[in-house]
Each structure stands twice: as structure tokens, then as C-alpha cells.
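The tour goes one selection at a time.

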Amino acid sequence: MNTVLNELIDHHSLTKETARPVLVDLASGKYNPAQMSSFMTVYMMRSIKTEELEGFRDAMLELCVPVKLDVPAMDVCGTGGDGKNTFNISLTGSFKFYSNNGEKVMSPRELGLTKLTLSEIKGGDTVENSAKLFMQILEGKGTPQQNAVVVANAGMALYCANQSAGIAQGMARAAESLTSGKALDCFKRLLNT
């Protein structure tokens with residue numbers, strides 16, 4: 001790692017072939033906290049180059065754990081990197097999709113939604129607080145604004161999965177899942193697998 005850090009500090013970038021094992025080793029706990037912090041600091045100070053990103057992608061694919069499901073599923077994981085300090089909406093709603101098929105874009109008002117402010121959907125300032133907020137929303141203890149943004153996010157994903165049912169039906173199914181406790185039950189089942 002010291003050789004890699006010296007290269008990065010000297011303003012060089014990693015090749016795809018070098019980036020992959022570095023991230024694999026990083027994820028495996030091979031490096032000490034100072035080395036990990038130094039490595040991450042480089043990428044806070046400059047953009048990741050294409051070759052580095054390709055190597056990191058290959059490492060993530062190598063490290064991923066395949067999941068076999070008996071039902072259709074959507075991968076809706078968000079990055080958590082919107083830079084606006086919101087809670088993890090896509091994870092809480094379990095869906096995140098964007099439709100680019102040229103259909104009319106509906107306004108929040110047409111969908112029965114109200115405009116929210118960033119302060120109304122602020123995330124936790126620590127991992128523990130974020131986890132607590134996540135559970136509060138799934139347990140039905142979220143604010144109306146937190147619930148609304150989760151329902152809107154999940155509702156649009158449900159619409160993307162079944163466009164013939166319409167957006168309103170997707171929103172209704174998402175709201176029912178959250179308010180009935182089905183979303184929480186699903187999360188609990190996931191924890192037990």
C-alpha cells in the first residue's frame with residue numbers, strides 16, 4: 001500500500017490492473033486505518049480516473065455475494081452520495097428508478113405529492129443516527145414528509161415494474177406497504193436470511 005500511496009501522492013493515477021487488487025485488499029481489511037484514510041483522502045481531493053474506476057468496479061464484482069431469488073427483483077441501491085445530507089431514501093423505500101421512455105412527466109401536485117424542503121428529509125449525522133432514522137420510518141414513526149418521499153420513490157419504482165397499472169396505483173401500493181408494516185416485515189425477513 002505504501003508504494004500505491006506514494007504514487008497517488010505524486011499525482012499519478014492507478015491502472016485498472018493496480019486499482020482492482022488495492023480495493024480487494026482494502027475491503028478485506030489488509031490495510032491499517034492510517035493507510036485506508038490516506039487512500040480515501042486522495043479521492044476526496046481529486047476525481048477518480050476512468051481506469052481506476054474500472055479496476056474498482058472489477059474489485060466490487062469480485063467481492064459481491066450472489067443472491068438467488070425465486071421471485072423477480074429490482075436492484076435499487078442508491079449511493080447515499082447526494083451531498084445534501086438526506087436520509088437514504090432509496091434504501092428506505094427499497095426502490096429507486098428513473099424512467100427515460102419519453103412519457104409525460106407528472107408534477108408532484110398531479111401525483112398528490114407536496115413539495116418538500118431538504119430540512120424536512122435531513123439524514124442522521126452519524127451511522128447510528130441514520131440507522132435509527134431508517135428504522136423509525138419503517139416502524140411507522142417517520143414524519144409525514146419522510147414517509148412522503150419514501151412513498152414517492154418506491155411508488156415510481158412500482159410504476160416502472162408495472163406501467164399498465166399506472167403511477168397512482170404504484171403510489172398507493174408503496175403507501176400501503178409502508179403504513180401496513182409490510183415494508184418492515186420484509187426488512188426483518190431479509191435480516192433473517
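Are F39 and F56 buried or exposed? F39 is buried, and F56 is buried as well. Keep in mind that this is a predicted model.

**Stop 1: F39 and F56.** Select both rings. They form an edge-to-face aromatic pair, with 6.1 Å between centres and 75° between the planes. This pair links distant parts of the chain: F39 sits in helix α3 and F56 in helix α4 (residues 50-63), 17 residues apart.

Stop 2: Keep F39 selected. F39 and Y43 also pair edge-to-face, at 5.3 Å centre to centre and 65° between the planes. Both belong to helix α3 (residues 33-45). They are four residues apart, about one turn of the helix. Y43 is buried, like F39.

**Stop 3: the cluster.** Show the three rings together. F39, Y43 and F56 make up one aromatic cluster. Across the structure there are four aromatic pairs.

**Stop 4: E52.** Now move to E52, in helix α4. Is E52 buried or exposed? E52 counts as buried because its relative accessible area is 0%, and the cut-off for buried is under 20%.

Next, look at the polar atoms of the E52 side chain. One of them lies 2.9 Å from the backbone nitrogen of L14. The E52 side chain also reaches the backbone nitrogen of K49, at 2.9 Å.

**Stop 5: around E52.** Which residues does E52 touch, leaving out those up to four places away in sequence? Select L8, S13, L14, A19, Y43, R46 and S47.

How values were computed. Residues are numbered from 1 along each chain as its sequence is written. This is a predicted model: local features need pLDDT of at least 70, side-chain atom pairs count only at pLDDT 80 or more; totals for chains, interfaces and linings use all residues. Side-chain values use heavy atoms; hydrogens and water are left out. Rings of Phe, Tyr and Trp (its six-membered ring) pair if their centres lie within 6.5 Å; planes under 30 degrees apart count as stacked, over 60 as edge-to-face and the rest as tilted. Helices (H or I, at least four residues) and strands (E, at least two) are DSSP runs, numbered from the N terminus. Buried means under 20% relative accessible area, exposed over 50%, partly exposed in between (1.4 Å probe, protein chains only). A polar contact is a pair of N or O atoms within 3.5 Å; within protein, one must be able to donate a hydrogen and the other to accept it, and residues adjacent in sequence count only if both atoms are side-chain atoms. Contact means heavy atoms within 4.5 Å.
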